[in-house]
Amino acid sequence: MTIDRSALASKTAAELDTLRLPADELTHFMLVYKFGLAEIGTKITILAEELQHRGRGNPIEHVITRLKTVESLTAKARRINCPMAFDTVRARIRDIAGVRVICSFVSDVYTVAEMLTRQQDVKLLQTKDYIAEPKANGYRSLHLIVEIPVFLSDRVVTVPVEVQLRTVAMDFWASLEHKIHYKYEQDVPDHLRAELTAAAHDAARLDERMERLHAQIHGPRHRT
Ligand code: GTP
Ligand code: MG
């Protein structure tokens, strides 16, 4: 059987064309995510500063916020077969606004996640705990999808934000792994893959060791 690939390709392109989002509406659509990102970013900053002020050390090393670009949003919509209409994109792509919180210790990751999600206006939609269950390649992090209300001039909208929490060691590993994937574009040689997974195990051991050391010096952290 032969498949007419050119017909298939042009059909997909035509469908995507008809679903292309109008520019001004797209800007407004993205703006709402920018506001949601600012709300969650502020909450994390407040937690960091207040905990610092309480004099028990700051569990948050640093925070990065990022808004998906329209290109990467379009690419993801295509990848997951999501029609480029506002309603479907809004419902299916929940990592348009992203916050990454880098903590010192694994216990801090859970403490910060707990402090954020128990806030009245934050609704937890999804948890993926890749620390309790690392990915096969060794990737570890705690991923949350939270929803936050954003007060616009004439209405209130709720915005999903992806929050990735990880330790310095997890972040070190993930950024190197990301660079290697980017360089080899999916074709990472087997020996490098194995080496990366071994490094992820080393990073996990280092996290455990640092936590134990910290507890010996300061006692276990009790914040909640
Ligand atoms: P995306 O469509 O990429 O957002 O993935 P997903 O919807 O399956 O969600 P998941 O929670 O598994 O991963 C979301 C994000 O976590 C990714 O976009 C990366 O930022 C990060 N991530 C997940 N797995 C890995 C990994 O193996 N290596 C690295 N470096 N980052 C990862
Ligand atoms: Mg993503």
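Buried here means under 20% relative accessible area, exposed means over 50%, and partly exposed is in between, using a 1.4 Å probe and the protein chains only. The partner of Arg166 is Asp171, and their side chains meet in a salt bridge at 2.9 Å, N to O. Asp171 counts as buried too, with 15% relative accessibility. By salt bridge I mean a side-chain nitrogen of Lys or Arg within 4 Å of a carboxyl oxygen of Asp or Glu. In general, side chains of opposite charge can pair when their charged atoms come close.

Before going on, some housekeeping. This is a predicted model, so local features need a pLDDT of at least 70 and side-chain atom pairs count only at pLDDT 80 or more, while totals for chains, interfaces and linings use all residues. Residues are numbered from 1 along each chain as its sequence is written, chains are lettered from A and ligands numbered from 1 in the order in which they are written, and side-chain values use heavy atoms, leaving out hydrogens and water.

How confident is the predictor? The pLDDT is its confidence in each residue, from 0 to 100. The chain averages 89, and 88% of the residues score at least 70. Over residues 1-19, though, the pLDDT is below 50, and beyond near neighbours in sequence this stretch has three contacts in the model, a contact being heavy atoms within 4.5 Å. Where pLDDT is low, the predicted coordinates should not be read in detail.

Back to the charges. How many salt bridges does the rule give? The count comes to ten. One of them joins Lys76 and Asp95, at 3.1 Å from N to O. Lys76 lies in helix α3 and Asp95 in the loop between α4 and β2 (97-103), so this pair ties together parts that are 19 residues apart in sequence. Helices (H or I, at least four residues) and strands (E, at least two) are DSSP runs, numbered from the N terminus. Both Lys76 and Asp95 are buried. Another salt bridge links Glu114 with Arg118, with the closest N and O atoms 3.8 Å apart. Here Glu114 is partly exposed at 38%, and Arg118 is partly exposed at 48%.

Now for the rings. Which kinds of residue can pair? Rings of Phe, Tyr and Trp (its six-membered ring) pair if their centres lie within 6.5 Å; planes under 30 degrees apart count as stacked, over 60 as edge-to-face and the rest as tilted. A search of the whole structure finds four such aromatic pairs. Phe29 and Phe86 make a tilted one, 5.0 Å centre to centre with 35° between the planes. Phe29 sits in helix α2 (residues 23-53) and Phe86 in helix α4, so the pair ties together parts that are 57 residues apart in sequence. Phe29 is buried at 5%, and Phe86 is buried at 16%. Tyr130 and Tyr139 form an edge-to-face pair, 5.8 Å centre to centre and 65° between the planes. Ring pairs also link Phe29, Tyr33 and Phe86 into a cluster.

Last, a backbone detail. Most residues other than glycine have a negative phi. Asn81 has a positive phi of about 60° although it is not a glycine. You can find Asn81 in the loop between α3 (70-79) and α4 (86-92), where Asn81 is exposed at 66%.

Technical notes: pLDDT = per-residue confidence, 0-100.
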